Amino acid sequence: MNAKSKILIVDDKPENLVALRTVLKDLDVELVEAASGNDALKATLRHDFALAVLDIQMPGMDGYELASILREEEQTAQLPFIFISAVYTDNLNIFKGYEKGAFSFITKPFQPEILINKVKFFIDKHQQGIALSGLNKDLENKNKELEFINKELESFSYSVSHDLRAPLRAIHGYSVMLKEDCDAKLDDKGKQTITKITENALKMGSLIDCLLSFSQLGRKRVTKVSIDMNALVAKILEGFKTEPLNKNFTWNIRELRPAKGNMELLTQVYLNLVSNAIKYSAKKDKPEIEIGCQPGAEGITYYIKDNGAGFDMKYKDKLFGVFQRLHKSDEFEGLGIGLATVQRIVARHDGLVWAEGETGKGATFYFSLPS
């Protein structure tokens, strides 16, 4: 007879642990409770869990920090977990939960059946994983899990698109109407306030578009073809060079080796990196941008170099995070998602991305693609 699957439930409030135990009492599983992140980590040393159910808001170590540590430990790197929260229920926090590796996110209050069904799914997958053997069976399980995750992300994307766009359109629409109907009655401060409302509504709309695109990158099929990188870059630069603000730039374009990849996605990589280089070097008296490549034994490394604002290398690990910015928004515009998109696209091509820079002396961004 197979041993019962073990589920780790983590919450700092005893009443919440009691509630979870009550909801899951009829399942043929063993529940292991932890009242803090540290207790949860200790439990993972003594037990092999099939699933973890984590609260987010906890003193000391919150659910996000716990999830990051679990993902870094070899024993729990593949452990599926579900976030449950009554506080962090907005779409950006839900997105953050998925970024931390959550397989699902449940907001309180919730119907007990929702949690039960999700737990059953993961327990079934765990039992199948124990029963099945061989590489093909293991891959089949992974594909089923990914299919479930994709459905969750599709649901999240729909929620973002539908639930957030509607109020934003209303805010933008009413602010435009107010400005048109009451412009003569408003003083300069009132007009400025309405303008800021309109601009920020539009900015939030752009942010939602970027988040949706970013979340969908993980599901986009990567069909690789041979790409003439010289032609790809030349086409991109045509658009940038015709803009009046970019006419004083010096462009040093080296010969680029062809690559195997998805044309649409690699075009986005260059668009993001070149626009980034332009933005951060535009304030220089003599801005320069160099684009080239460095062939290697295992692949080709492409680079985009500028002589702009640069960055402190001690913050290099923050460059490619979602909403991570090393400069103030009033110095350089942006949403903080462009480099994260680059990293995700390159990862989908089994490549690497990194950067080198020095404050005030420019930066070089690299991405490598396998041969």
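I will start with the helix pair and then turn to the nonpolar cores. Keep in mind that this is a predicted model.

Two packed helices are described by the angle between their axes and the distance between the axes. The pair here is α8, residues 229–241, and α9, residues 263–281. Their axes come within 10 Å and cross at roughly 45°. The crossing of α8 past α9 is right-handed.

Which residues meet? From α8 we have Met229, Leu232, Val233, Ile236, Leu237 and Phe240. On the α9 side they meet Met263, Leu266, Thr267, Tyr270, Leu271, Val274, Ser275 and Ile278. By class, that contact has 12 nonpolar residues, two polar and no charged ones.

Now the cores. The largest nonpolar core has 39 residues, and Met229, Tyr270, Ile291, Tyr302 and Phe367 have the most contacts inside it. Elements giving two or more residues to this core include α8, α9, β9 at 288–295 and β10 at 299–306. Also on that list are α10 at 338–348, β11 at 352–358 and β12 at 362–370. Which element gives the most? That is α9, with eight residues.

Take Ile291 as an example. Leaving aside neighbours within four places in sequence, Ile291 is in contact with residues including Val233, Leu237, Tyr270, Val274, Tyr303 and Ile304. Asn252 and Arg254 are also among its contacts.

How values were computed. Residues are numbered from 1 along each chain as its sequence is written. This is a predicted model: local features need pLDDT of at least 70, side-chain atom pairs count only at pLDDT 80 or more; totals for chains, interfaces and linings use all residues. Side-chain values use heavy atoms; hydrogens and water are left out. Axes are lines fitted to C-alpha atoms, for helices over the stretch in contact, and angles run from 0 to 180 degrees between N-to-C directions. Helices (H or I, at least four residues) and strands (E, at least two) are DSSP runs, numbered from the N terminus. A crossing is left-handed if the near helix is turned anticlockwise from the far one by less than a right angle, and right-handed if clockwise. Contact means heavy atoms within 4.5 Å. Ala, Val, Leu, Ile, Met, Phe, Trp, Tyr, Cys and Pro count as nonpolar, Asp, Glu, Lys and Arg as charged, and the others, Gly among them, as polar. A nonpolar core is a set of buried Ala, Val, Leu, Ile, Met, Phe, Trp, Tyr and Cys residues joined through side-chain atoms within 4.5 Å. Buried means under 20% relative accessible area, exposed over 50%, partly exposed in between (1.4 Å probe, protein chains only).
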